Amino acid sequence: MTARILDGLKIRDQIFAELKGEIAAMTASGTRPGLAAVLVGDNPASQLYVKSKIAACEQLGIASWMHTPPATVSTREMLQLVDDLNGDPAVDGILIQLPLPPQVDTKLILESVDPAKDVDGFHPMNLGRLVSGRPGLVACTPAGCMELLKRGNIPIEGADAVVLGRSDIVGKPMSLLLMHANATVTICHSKTRDLPGTVRRADIIVAAMGKAGYVAADWIKPGAAVIDVGTNRVTDPAEAERLFRNMPERLEKFRAKNSALVGDVHPDAINVAGALTPVPGGVGPMTITMLMSNTVKAARLRRGLSATKRPQSSVTAR
Ligand code: NAP
């Protein structure tokens, strides 16, 4: 069996097309959604992430602003900036690109963002809303995983779902979203006793551990749906050999670049799973997509407009 590919790029394009129409209509009626991004210092990876988020805003017609405090910024100065953005009526979403420099109290800054503008879904208020199944803004990566499952027509209700990883930004919210969608959810972490045995029972596997190719193909129940959140850069040739031993093309590509991006699930899983997200091109594109979607949602909620009828609006509610 070869798994059906859950194509994040295709689903991103679908959602972008839906958002574009919605944003144009909102803009025409005087409520253009707006996103403010805060990029501290000159970390090249952060610069790249913020650039692509701003580019997505421009593509969709969302207003965007970039604030670039220096790496020496203090917690007090950051609080002032967030306060200004909280008070700016044109700003619907505030994105604080992480990591912040060590002298800045990251938790305090994230908690100072107005929950109504918290498009990353990191504020405790939005996490609390998610726990109780009330509408709010949900962290982008897990929300994107739900879109992949729903738009990929993976049955969730009644399914046994296993989430590998319990971080605040991926594993925990993912587990809650699956539970609200009526899956029976098991959450695994580094102290889980029998990971292979637990994974083998799963109809849906969400892997978010940050361990290249850790989930072996023979842990996967034939036909299961696999959402691979892991994004790991492999540079060790022996590791590449282990991962791509049955994929000469990928091994060839690795040798040409001395590097490859792989998920937490071994690439051989494609021969066992029923459906699977590729890495790259699966969950990755969905994270920015859901940031855009959250910005539009925040704009609607803040301005008292009715909720959109797009499928992803059901992500938060039970
Ligand atoms: P994280 O905060 O480091 O959390 C990793 C989780 O995995 C922890 O809960 C940890 O358990 C668990 N874990 C680690 N090793 C394990 C093992 N051997 N067996 C079972 N569980 C294990 O990572 P994260 O921020 O959630 O990110 C996870 C991965 O997703 C990373 O590769 C990251 O790059 C990727 N990611 C991708 C996107 C995207 O847009 N595609 C977005 C976010 C994250 P403990 O809690 O016990 O330590």
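**Domains, sheet and ligand site**

The C-alpha centres of domain 1 and domain 2 are 30 Å apart. Domain 1 covers 29–115 and domain 2 covers 140–284; these bounds come from an automatic or database domain assignment. The model is predicted: local features need pLDDT of at least 70, side-chain atom pairs count only at pLDDT 80 or more, and totals for chains, interfaces and linings use all residues. Residues are numbered from 1 along each chain as its sequence is written, and side-chain values use heavy atoms, with hydrogens and water left out.

An open sheet is built from six strands in the order β1-β11-β8-β7-β5-β6, with parallel pairing. Strands are DSSP runs (E, at least two residues), numbered from the N terminus; two of them pair if DSSP finds at least two bridges between them. Strands β8 (residues 225–228) and β11 (residues 275–276) run parallel and are joined by two bridges. Ala-225 has Ala-275 in β11 as its bridge partner.

Polar contacts are pairs of N or O atoms within 3.5 Å. A polar side-chain atom of Ser-167 lies 2.5 Å from a ligand oxygen atom. A backbone N or O atom of Thr-231 is 3.1 Å from an oxygen atom of the ligand. A polar backbone atom of His-189 lies 3.4 Å from a ligand nitrogen atom. Taken alone, the ligand exposes 930 Å², of which the protein buries 70% (Shrake-Rupley method, 1.4 Å probe).

How values were computed: A polar contact is a pair of N or O atoms within 3.5 Å; within protein, one must be able to donate a hydrogen and the other to accept it, and residues adjacent in sequence count only if both atoms are side-chain atoms. Helices (H or I, at least four residues) and strands (E, at least two) are DSSP runs, numbered from the N terminus.
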